[in-house]
Amino acid sequence: MSYASVELLGRQQPRILVSPPRVSSAGQEAAELAESAGLVLDPWQRLALEEALGERADGSWAAYEVGLEVPRQNGKGSWIEARELAGLFLFGDRLIVHSAHLFKTAKEAFKRILQLIEGSSDLAREVRRVTWTHGSEGIELMSGQRLEFVARGRGSGRGL
């Protein structure tokens with residue numbers, strides 16, 4: 001039995017949802033990209049991408065900031081991975097900084113997204129360099145776009 005066929009428990013719609021008006025969303029494309037890399041999203045994660053990636057008529061993001069309140073171990077990391085993949089491979093984000101409270105958490109996130117990218121030949125061929133240096137883990141694409149992983153601390157990531 002695959003994970004995708006398991007019946008989900010819990011509420012897939014948020015009790016409270018606030019999002020700015022939008023005319024379209026890049027959420028569907030982001031979810032499809034994630035799934036092409038092997039990351040199957042839950043319905044709530046797809047909904048959160050749809051709302052977070054809402055677009056105004058001029059093409060700019062409808063939301064300046066996005067916040068999710070989700071209990072531990074309920075899929076926030078996968079949602080972030082989907083957004084980071086979309087930033088790198090769909091939206092042309094020049095620099096994405098993934099921060100975590102502890103370095104081991106940031107390194108685990110780095111390993112997880114690298115596994116997704118390397119598992120897709122289409123995404124993997126866009127990678128110029130993977131840096132494994134302790135405290136400077138990151139992925140750079142042929143286009144120069146970067147995804148950097150840091151642990152929050154005094155001065156860490158501030159220059160970025």
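1. In this predicted model, the side chains of Ser78 and Arg112 are joined by a polar contact of 3.3 Å. Ser78 has its place in helix H3, and with a relative accessible area of 16% it falls below the 20% cut-off, so this residue counts as buried. Once its neighbours within four places in sequence are set aside, Ser78 is in contact with Leu39, Leu41, Gln45 and Arg112.

2. Helix H1, which covers residues 27-36, has Gly27, Ala30, Ala31, Leu33 and Ala34 as buried residues. Viewed down the axis of H1, these buried residues fall within an arc of 160 degrees, so they line one face of the helix. The partners against which the buried residues of H1 pack are strand E1 (24-25), helix H2 (43-52), helix H3 (76-89) and helix H5 (121-124). Just after H1, Gly38 adopts a positive phi of about 95 degrees.

3. The salt bridges deserve a separate point, and their count comes to nine. One of them is formed by the side chains of Arg22 and Glu50, at 3.7 Å from N to O; this pair links distant parts of the chain, with Arg22 in the segment before E1 and Glu50 in helix H2, 28 residues apart. Arg22 is partly exposed at a relative accessible area of 32%, and Glu50, at 24% relative accessibility, also counts as partly exposed.

4. A salt bridge also forms between Asp93 and Arg83, whose closest N and O atoms are 3.2 Å apart. Here too the pair links distant parts of the chain, since Asp93 belongs to the loop between H3 and strand E3 (95-100) whereas Arg83 lies in helix H3, 10 residues apart. In the salt bridge of Asp122 with Arg125, the closest N and O atoms are 2.7 Å apart, and Asp122 counts as partly exposed at 48% relative accessibility. Salt bridges that share partners join Arg22, Glu50 and Glu51 into one network.

5. As to the overall fold, the protein has five helices and six strands, and from the N terminus on its elements run β-α-α-β-α-β-α-α-β-β-β. The radius of gyration is 16 Å, close to the 15 Å that the globule rule gives for 160 residues, so the protein is as compact as a globular protein of that length. Along its principal axes the C-alpha trace spans about 45 × 40 × 35 Å.

6. Of the 160 residues in the protein, 37% are buried. Among contacts between residues at least 6 apart in sequence, 63% join residues at least 24 apart. The protein exposes about 10,100 Å², of which carbon and sulfur atoms supply 50%.

Technical notes:
Residues are numbered from 1 along each chain as its sequence is written. This is a predicted model: local features need pLDDT of at least 70, side-chain atom pairs count only at pLDDT 80 or more; totals for chains, interfaces and linings use all residues. Side-chain values use heavy atoms; hydrogens and water are left out. Buried means under 20% relative accessible area, exposed over 50%, partly exposed in between (1.4 Å probe, protein chains only). Helices (H or I, at least four residues) and strands (E, at least two) are DSSP runs, numbered from the N terminus. The arc is that of the directions from the helix axis to the C-beta atoms. Contact means heavy atoms within 4.5 Å. A polar contact is a pair of N or O atoms within 3.5 Å; within protein, one must be able to donate a hydrogen and the other to accept it, and residues adjacent in sequence count only if both atoms are side-chain atoms. The radius of gyration is taken over C-alpha atoms; the globule rule is 2.2 Å times the number of residues to the power 0.38. Accessible areas come from the Shrake-Rupley method with a 1.4 Å probe; for residues, only the protein chains shown count as cover. A salt bridge is a side-chain nitrogen of Lys or Arg within 4 Å of a carboxyl oxygen of Asp or Glu.
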